[in-house]
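This briefing goes through one protein model, from its overall form down to single residues. Please keep the sequence and the structure at hand while reading.

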Amino acid sequence: MEVHQLQILRELGDLGSVTAVARSLFVTPSAVSQQLALLQRGIDVPLTRKEGRTLVLTDAGRVLATAGAAVIASMADARAAIGAFQDDAAAPVTVAGFHSAGQALFAPLLGKLRGAAAPRPMFRDEDVAQQDFPALTARYDLVLAHRMDHTPVWPADRVAVVPLAHEPLDIALPAGHPLASRGVLRPADLAGRDWVVSREGYSPADILAAISAVNGSAPRVVHRINDYTTVAALVATGDVLGILPRFTAALPVDAGVVLRPLAGIDNRRRIDLLARPETLRRRSVRLVADALGDAVRELAGDGA
C-alpha cells in the first residue's frame, strides 16, 4: 500500500471517474487503473465496482479513501515539518573535531554564532586516526578532519568535503636551541635527535617517519603523546624535539617553544569539514560551516 495509491483512491471517490483522476494527476487513465489494481492486490475486499461504464468506490473503498486522506494529510504535515527543520537557522548542530582543532576553533566559533537566530553548536572531541573520520558523519552533523597530502582522499561516495586549510606541521624546538637560529630546517638537521610525537596513524608520526626515511635511520621516539599542549611542555624542557601544526597548536606566548618550517619532505595536512550530503542542506549546518571557515581563515591568515 503506497501513499500515491491512496491518493488515487481518494481522487476517484471525489472525482467519480478514472479519466477525471488521470486528468487531475497529470497521468494516463491506464496508469490510474494499474495503480488501483496494485492497491487491490493487498486488500482482501473489493475497493471498487463498475456502475455501467464508470468505476466507483465500494463501502470498503470509501473507508480506505477516508483513512488514506488522513495519511496524506499527515505526510503533508511531515513534509512541512522537515521543511521547517531544514530552513531553521537556529537549529542545533553537532560538531566533532580532533583535539587541536577543538582547542583552536571551538571557542572562536561560539563567538561568531551569537544571537537568538544563530545556530547552537554542540561540540564533541573525537581524536581518531585519519581513516576513521568519515564514519563520524553518521553521529555528528559536521566533522573536522585532517589528512596528509600524500594519503588517500576522503570517500566522495560517502561524504561531502568542505576544505578549510592547508596546514604545515613544523619542528618544535626548545627556545634557545641551536637549531632555532635557522629559518628553515631540513631532515639532515634532525638526525640523531630524541622525539616526542603522536601515536602511529597521526600526522606528526607520519612526518617523523618521512624524516627518518630520508635520513636512513630509525627515529628515536621517547614519548608518544597526542595532546599538543603536553608535547610543547615536554619540548620546552630541552630533552626532546617535537612536531606541531602551525595554525592549530595554539601555543601560549610563554610556552618556551619555537616552531621552524621543515623543507625537503611533504609536511602539510589538509583540514577539512566532512558531512553527509543531505546534512549540508540544512540552513543551520551551512551557517556553522561558513562560520568555521571564517574562524580558520582568521586563525591561519593567508596561510589557509
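The model is predicted. The protein chain holds 8 helices and 11 strands.

**Overall form**

- The C-alpha trace of the protein chain spans about 100 × 45 × 30 Å along its principal axes.
- Of the 304 residues in the protein chain, 43% count as buried.
- Taking contacts in the protein chain between residues at least 6 apart in sequence, 73% join residues at least 24 apart.

**Surface and charge**

- The protein chain carries 32 positive and 32 negative side chains.
- The centres of these two sets of charges lie 4 Å apart.

**Aromatic pairs**

- How many aromatic pairs does a search of the whole structure find? The search finds 3.
- Phe98 and Phe133 form an edge-to-face pair, with 6.2 Å from centre to centre and 70° between the planes.
- Phe98 sits in the loop between strand E3 (92–97) and helix H5 (99–112), and Phe133 in the loop between strand E4 (120–125) and strand E5 (142–148), so their pair ties together parts that are 35 residues apart in sequence.
- Phe98 counts as buried because its relative accessibility is 2%, under the 20% cut-off.
- Phe133 also counts as buried, at 0% relative accessibility.
- Phe106 and Phe123 form a stacked pair, with 4.1 Å from centre to centre and 5° between the planes.
- This pair links distant parts of the chain, with Phe106 in helix H5 and Phe123 in strand E4, 17 residues apart.
- Phe106 has 12% relative accessibility and so counts as buried.
- One aromatic cluster is formed by Phe98, Phe133 and Trp154.

- Most residues other than glycine have a negative phi.
- Phe26, a residue other than glycine, has a positive phi near 60°.
- Where is the place of Phe26? Phe26 is in the loop between helix H2 (18–25) and helix H3 (29–41).
- Is Phe26 buried or exposed? Phe26 counts as exposed because its relative accessibility is 77%, over the 50% cut-off.

**Gly42: a loop residue**

- Gly42 lies in the loop between H3 and strand E1 (48–51).
- With a relative accessible area of 64%, Gly42 is exposed.
- Between Gly42 and Gly293 there are 53 Å in space, C-alpha to C-alpha, and the two are 251 residues apart in sequence.

- Gln86 is found in helix H4, which covers residues 59–87.
- The relative accessibility of Gln86 is 22%, so Gln86 counts as partly exposed.
- Which residues does Gln86 touch, not counting those up to four places away in sequence? Gln86 touches Glu278, Arg281, Arg282 and Arg283.
- Gln86 and Arg49 are 37 residues apart in sequence, and their C-alpha atoms are 44 Å apart in space.

Key: Residues numbered from 1 in each chain as written. Predicted model: local features only at pLDDT ≥ 70, side-chain atom pairs only at ≥ 80, totals over all residues. Heavy atoms only, no water. Helix = DSSP H or I, 4+ residues; strand = E, 2+ residues; numbered from the N terminus. Buried < 20%, exposed > 50% of the residue type's maximum accessible area, 1.4 Å probe, protein only. Contact = heavy atoms within 4.5 Å. Lys, Arg positive; Asp, Glu negative; His and termini not counted. Charge placed at Lys NZ, Arg CZ, Asp CG, Glu CD. Phe/Tyr/Trp six-rings, centres within 6.5 Å; stacked < 30°, edge-to-face > 60°.
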